[in-house]
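Please examine the sequence and structure below before reading on.

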Amino acid sequence: MTQSKIVQMRLLPPERYLFTKLKELLGVSESSLSRDIYWVGLPAFLAQRGLTTWAQDTLKTFSA
């Protein structure tokens, strides 16, 4: 099992400003917003690179 670790991401000033404003608008934490964005964007990212099946197989291995 993998340990939970913080993943850092560098945002440019306009990206950070929009992220902060969105967090405030939605009333959520930075972690919650980051996870939501990750889960919305991950399927498209994997599909663009032809890695959807790889990701599914990898998660099956993790869950086993």
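How many aromatic pairs does a search of the whole structure find? The search finds one aromatic pair, where rings of Phe, Tyr and Trp (its six-membered ring) pair if their centres lie within 6.5 Å. This is a predicted model, in which local features need pLDDT of at least 70 and side-chain atom pairs count only at pLDDT 80 or more, while totals for chains, interfaces and linings use all residues. Residues are numbered from 1 along each chain as its sequence is written, and side-chain values use heavy atoms, with hydrogens and water left out.

**Aromatic pair**
- The ring centres of Tyr-38 and Trp-39 are 5.1 Å apart and the planes stand at 80 degrees, so the pair is edge-to-face (planes over 60 degrees apart; under 30 is stacked and the rest tilted).
- Tyr-38 is partly exposed because its relative accessibility is 44%, whereas Trp-39, at 53%, is exposed (buried is under 20% relative accessible area, exposed over 50%, partly exposed in between, with a 1.4 Å probe and protein chains only).

**Helix packing**
- The axes of H1 (residues 13-26) and H2 (residues 30-48) come within 10 Å and cross at roughly 105 degrees; axes are lines fitted to C-alpha atoms over the stretch in contact, with angles from 0 to 180 degrees between N-to-C directions.
- Helices are DSSP runs (H or I, at least four residues) numbered from the N terminus.
- H1 and H2 are therefore roughly perpendicular (65 to 115 degrees).
- H1 contributes Arg-16, Phe-19, Leu-22, Lys-23 and Leu-26 to the contact, and H2 contributes Glu-30, Leu-33, Ser-34 and Ile-37 (heavy atoms within 4.5 Å).

**Helix H1 and its end**
- The 14 residues of H1 should span 20 Å at 1.5 Å a residue, which agrees with the 20 Å between its end C-alpha atoms (expected span is 1.5 Å times one less than the number of residues).
- Gly-27 follows H1 and has a positive phi, near 65 degrees.

**Segment before H1**
- Ile-6 lies in the segment before H1 and is exposed, with a relative accessible area of 79%.
- The C-alpha atoms of Ile-6 and Leu-51 are separated by 24 Å, and these residues are 45 residues apart along the chain.

Technical notes
Helices (H or I, at least four residues) and strands (E, at least two) are DSSP runs, numbered from the N terminus. Angles under 35 degrees count as roughly parallel, over 145 as roughly antiparallel, 65 to 115 as roughly perpendicular and the rest as oblique.
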